[in-house]
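Biologist: Please take me through the contact between the two chains of this model, and then through the fold behind it.

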Amino acid sequence: MAEPLQIQVNGECRDCRSGATVGDLLRELDIKTERVAVELNLEILDRQEFDRRGLKAGDRVEILSFIGGGGPDDGLGEEGPDPCTMTDW
Amino acid sequence: MHNDRLVIAGREFKSRLWVGTGKYKDFAETKKAIEVSGADVVTVAVRRINITDRSKENLLDFIDPKKYTILPNTAGCYTVEDAVRYARLARAAGVSDLVKLEVLGDEKTLFPDTGGLIEAAKILIKEGFIVLPYTNDDPIVAKKLVDIGCPAVMPLAAPIGSGLGIRNPYNLKIIMETVKVPIVVDAGVGTASDAALAMEYGADAVLMNTAIAGAQDPIAMAEAMKYAVYAGRLAYKAGRIPRKLYATASSPIEGML
């Protein structure tokens with residue numbers, strides 16, 4: 001049995017079976033490939049490459065998808081002074 | 001108004017209200033608010049998937065991409081490199097070539113870095129993206145964006161999430177006269193009258209998130225915005241009366257005792 005190798009997935013360290021592909025990793029994480037983007041060492045992969053690209057020690061994988069957002073910020077932002085009562089502008 | 005369709009880059013849109021999907025209590029509320037708003041363009045952000053908790057639901061399980069035009073944004077990007085990277089990731093995730101391009105200049109105001117915006121837009125347009133840029137209410141920048149191939153421009157009304165309404169109606173007017181592409185007023189709307197006003201000025205659409213999601217009753221506000229945008233558009237098409245300083249009687253004097 002080959003030694004597991006260490007990779008980074010979404011910034012977290014993770015063991016991965018030697019010889020595993022990006023597709024294997026996604027299946028292991030139970031991630032449906034539909035509407036998912038995968039970056040391997042800053043290279044964006046085409047969907048059909050997922051099962052072809054093998055993982056090696058030290059690889060950095062980013063798996064992204066769509067979330068709610070309309071503005072650049074997920075919180076309601078910094079509470080500033082109430083502009084309706086501001087007098088110094 | 002049945003044939004009053006908005007067309008951008010050959011795509012036809014039914015609704016002139018576009019909505020964001022952030023800041024809602026949960027996906028059920030997001031879905032309901034969007035349905036009630038009647039919007040058919042919905043912006044989404046691109047982020048890392050939570051790999052440790054896969055039980056989390058996916059936004060697009062609630063918002064059907066077959067029913068809505070999904071408009072991925074580059075929210076949170078402060079550099080040309082980041083914005084281009086997120087746009088490419090959004091396209092790789094397989095929804096469309098559309099991108100709401102944001103290159104932000106400052107965390108406090110979230111004003112666009114218009115220099116970076118133009119640079120990023122050039123790169124993405126060359127790669128075949130349909131770039132809808134979130135920009136300042138600056139007519140010169142709007143013109144530059146159109147000149148390099150943006151099929152619409154999205155000037156802000158006020159800072160994102162500020163709810164201040166249209167800060168500079170005169171600049172918006174000048175943008176509308178300067179460029180011959182659809183104008184989507186994006187960001188800063190606080191309540192229904194702000195949205196109606198934007199449409200009355202001649203905007204082609206209004207994009208908002210916080211004004212709906214942050215309202216005490218987001219579903220009711222979604223409905224208010226739907227009617228505000230519709231009413232504003234109707235009023236614009238109808239053509240308002242000129243402003244006069246003094247009264248003009250509506251009833252005739254003739255026949256009075």
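Biologist: How many salt bridges are counted between chain A and chain B?

Modeller: The model is a predicted one. One salt bridge joins B:Arg48 to A:Glu62, with 2.7 Å between the closest N and O atoms. That distance falls within the 4 Å cut-off for such a pair. The count between chain A and chain B is two.

Biologist: Which strand of chain A gives the most residues to the side that touches chain B?

Modeller: Two strands of chain A, strand 3 (37-40) and strand 5 (60-68), each supply at least two residues of the side facing chain B. With seven residues, the one that gives the most is strand 5 of chain A.

Biologist: By class, what is the make-up of the side of chain A that touches chain B?

Modeller: The contact takes 40 residues from chain B and 31 residues from chain A. On the chain A side, these comprise nine charged, eight polar and 14 nonpolar residues.

Biologist: What percentage of the area buried between chain A and chain B do carbon and sulfur atoms give?

Modeller: Nine residue pairs between chain A and chain B are in polar contact, both residues being at pLDDT 80 or more. The buried area itself is about 3200 Å². Of that area, the contribution of carbon and sulfur atoms is 62%.

Biologist: Which strand of chain B is joined to strand 5 of chain A, and in which sense do they run?

Modeller: A:Gly68 stands opposite B:Val44, and A:Leu64 has B:Arg48 as its bridge partner. Both chain B residues lie in strand 4 of that chain. Five bridges join strand 5 of chain A to strand 4 (residues 41-48) of chain B, and the sense is antiparallel.

Biologist: Within chain A, which strand pairs with strand 5 in the parallel sense?

Modeller: Chain A follows the pattern β-β-α-β-β-β along its sequence. Strand 3 of chain A is joined to strand 5 by four bridges and runs antiparallel to it; there, A:Ala37 has A:Leu64 as its bridge partner. On another strand, A:Gln8 stands opposite A:Arg60 of strand 5. The parallel pairing, over two bridges, is with strand 1 (residues 5-9) of chain A.

Biologist: How many of the nine residues of strand 5 of chain A are buried?

Modeller: Across the 89 residues of chain A, 39% are buried, taking buried as under 20% relative accessible area. Strand 5 of chain A is mostly covered, and its buried residues number seven.

Technical notes:
Residues numbered from 1 in each chain as written. Chains lettered and ligands numbered in written order. Predicted model: local features only at pLDDT ≥ 70, side-chain atom pairs only at ≥ 80, totals over all residues. Heavy atoms only, no water. Contact = heavy atoms within 4.5 Å. Buried area = accessible area lost by both parts, 1.4 Å probe. Salt bridge = Lys/Arg side-chain N within 4 Å of Asp/Glu carboxyl O. Polar contact = N/O pair within 3.5 Å; in protein donor to acceptor, adjacent residues only side chain to side chain. Nonpolar A, V, L, I, M, F, W, Y, C, P; charged D, E, K, R; others polar. Pairing = 2+ DSSP bridges. Buried < 20%, exposed > 50% of the residue type's maximum accessible area, 1.4 Å probe, protein only.
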